[in-house]
Amino acid sequence: MNGANSEGFFDKLKLLFSSPTRFFEKVSSEGIGPAFIAYIVTLLIAQIVGVVQQTLLYGLLSFGSWGFSPSRTFGSLFYSAAPFGFLGFFSIILIPFYMAVFIGLLFAYAGIIFLLAKAFKGSGGYGESFKAVAYSLVPYNIISIVPFVGGLSIIYSLVLMLFGVMKLH
């Protein structure tokens with residue numbers, strides 16, 4: 001990815017977070033490709049950060065924090081303090097599986113939103129629904145890596161999706 005595309009990507013992210021209405025107006029003329037790429041890139045980053053977080057958490061627990069020691073209970077093969085013990089390695093192997101599942105769910109969710117938009121007399125096609133869904137999930141992918149509060153970002157993503165459906169349909 002060259003510098004110009006990177007700047008464009010980050011400028012789009014900034015606009016998505018700061019002015020969703022303008023963002024969806026701006027992307028209304030593009031195809032689904034950029035939305036798909038933005039979703040995939042942020043999902044992959046979230047998956048990798050999640051594996052690192054999980055591995056570090058199991059590593060901390062294996063030292064016996066809070067009186068619980070999985071390494072003594074279940075054996076050091078499964079819970080290792082090493083950065084990529086068995087569970088960390090297993091999680092890395094599962095990333096392509098998770099990616100495939102989330103991509104499939106993205107297309108299915110976009111289909112459901114498309115049908116709902118049509119039921120309420122929306123004028124856009126499946127591509128517009130896909131862009132609204134994919135771009136609305138990008139902030140969720142980014143913010144979800146923040147422990148404890150990241151899951152709440154789904155609320156913001158739902159609001160973004162409403163903005164997107166209203167602007168694109």
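In this predicted model, the structure holds 10 aromatic pairs. One of them joins Phe36 and Phe107, whose ring centres lie 5.8 Å apart with the planes at 50 degrees, so the pair is tilted. This pair links distant parts of the chain, since Phe36 sits in helix H3 and Phe107 in helix H5, 71 residues apart. Phe36 is partly exposed, with a relative accessible area of 26%, and Phe107 is likewise partly exposed, at 34%. Both rings belong to a cluster in which ring pairs also link Phe114, Tyr126 and Phe130.

Tyr135, if its neighbours within four places in sequence are left aside, is in contact with Lys12, Leu16, Phe23, Phe24, Val27, Glu30, Pro34, Ala35 and Ala38.

The largest pocket has a volume of about 420 Å³, and of the 23 residues that line it, Leu43, Phe102, Tyr140, Asn141 and Ser144 are the closest to its centre. Two or more lining residues come from each of helix H3 (33-61), helix H5 (86-119), helix H6 (126-143) and helix H7 (153-168), with H3 giving the largest share, 6 residues. By residue class, the lining of the largest pocket divides into 14 nonpolar and 9 polar residues, with no charged residues.

Technical notes. Residues numbered from 1 in each chain as written. Predicted model: local features only at pLDDT ≥ 70, side-chain atom pairs only at ≥ 80, totals over all residues. Heavy atoms only, no water. 1 Å grid on protein atoms, 1.4 Å probe; cavity = no way out; pocket = protein on both sides within 12 Å on 5 of 7 lines; lining within 4 Å. Points joined across faces, edges and corners; volume = space filled by probe spheres on them. Helix = DSSP H or I, 4+ residues; strand = E, 2+ residues; numbered from the N terminus. Nonpolar A, V, L, I, M, F, W, Y, C, P; charged D, E, K, R; others polar. Contact = heavy atoms within 4.5 Å. Phe/Tyr/Trp six-rings, centres within 6.5 Å; stacked < 30°, edge-to-face > 60°. Buried < 20%, exposed > 50% of the residue type's maximum accessible area, 1.4 Å probe, protein only.
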